[in-house]
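Hi,

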Amino acid sequence: MTVEQYGAYLAFFSILTFAFYTVDKIRAINGGWRIREILLLSLSIFGGAFGGYLSMWTMRHKIRKPVFHFVNIFGIVWQTTLLIALLALG
């Protein structure tokens, strides 16, 4: 995978994850059907951690749940590490 492909992958999943967290917050406010937490966490860990963490703070959603902080921060660290590794490899 090239740096450009990985960057596009991260951008896509971050936007998607931001949207899912935001939709879940709106549904929580309106009492609607909620998105499962495992799906939100999976999106974050598999490429959307930047978007997930950004949405957590902009929407004030899931900020009281330590597992969401842990998964998103862990995701940001490993996704950034992989990006740096790809950059180093050329």
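This is a predicted model: local features need pLDDT of at least 70, side-chain atom pairs count only at pLDDT 80 or more; totals for chains, interfaces and linings use all residues.

On the surface, Phe70, Phe74, Trp78 and Leu82 make up a nonpolar patch, and together they have about 400 Å² of accessible area. To be a patch member, a residue needs over 30% relative accessible area and no salt bridge; nonpolar side chains (Val, Leu, Ile, Met, Phe, Trp, Tyr) are joined within 5 Å, like charges within 9 Å. The areas come from the Shrake-Rupley method with a 1.4 Å probe, and for residues only the protein chains shown count as cover. Leu82 sits in helix H3 and is partly exposed, because its relative accessibility is 32%. (Buried is under 20% relative accessible area, exposed is over 50%, and partly exposed is in between, with a 1.4 Å probe and protein chains only.) As for spacing, an α-helix has 3.6 residues a turn, so residues three or four places apart point the same way.

Residues are numbered from 1 along each chain as its sequence is written, and side-chain values use heavy atoms, with hydrogens and water left out.

Now the helices (DSSP runs of H or I, at least four residues, numbered from the N terminus; strands would be E, at least two). H1 covers residues 3–30, which is 28 residues, and spans 40 Å from first C-alpha to last, close to the expected 40 Å at 1.5 Å a residue. That expected span is 1.5 Å times one less than the number of residues. Buried residues in H1 include Tyr6, Leu10, Phe13, Tyr21 and Asp24. Their cover includes H2 and H3, where contact means heavy atoms within 4.5 Å. After H1 comes Gly31, with a positive phi near 75°.

What I'd look at next is the salt bridges, of which the structure holds three. (The cut-off is a side-chain nitrogen of Lys or Arg within 4 Å of a carboxyl oxygen of Asp or Glu.) Asp24 pairs with Arg34, with the closest N and O atoms 2.9 Å apart. This one links distant parts of the chain, 10 residues apart: Asp24 is in helix H1 and Arg34 in the loop between H1 and H2. Asp24 is buried, because its relative accessibility is 0%, whereas Arg34 is partly exposed at 35%.

Glu37 has two partners. With Lys62 it makes a salt bridge of 2.9 Å, N to O, linking helix H2 to the loop between H2 and H3 across 25 residues. With Lys65 the closest N and O atoms are 2.4 Å apart. Lys65 is also in the loop between H2 and H3, so this pair ties together parts 28 residues apart in sequence. Shared partners join Glu37, Lys62 and Lys65 into one network.

Is Lys62 buried or exposed? Buried, at 12% relative accessibility. Leaving aside neighbours within four places in sequence, its contacts include Asp24, Arg34, Leu40, Met56 and Phe68. Lys62 also has a positive phi of about 65° although it is not a glycine. Arg60 is another non-glycine with a positive phi, about 55°, and it too is in the loop between H2 and H3. Arg60, though, counts as exposed, at 52% relative accessibility.

Cheers
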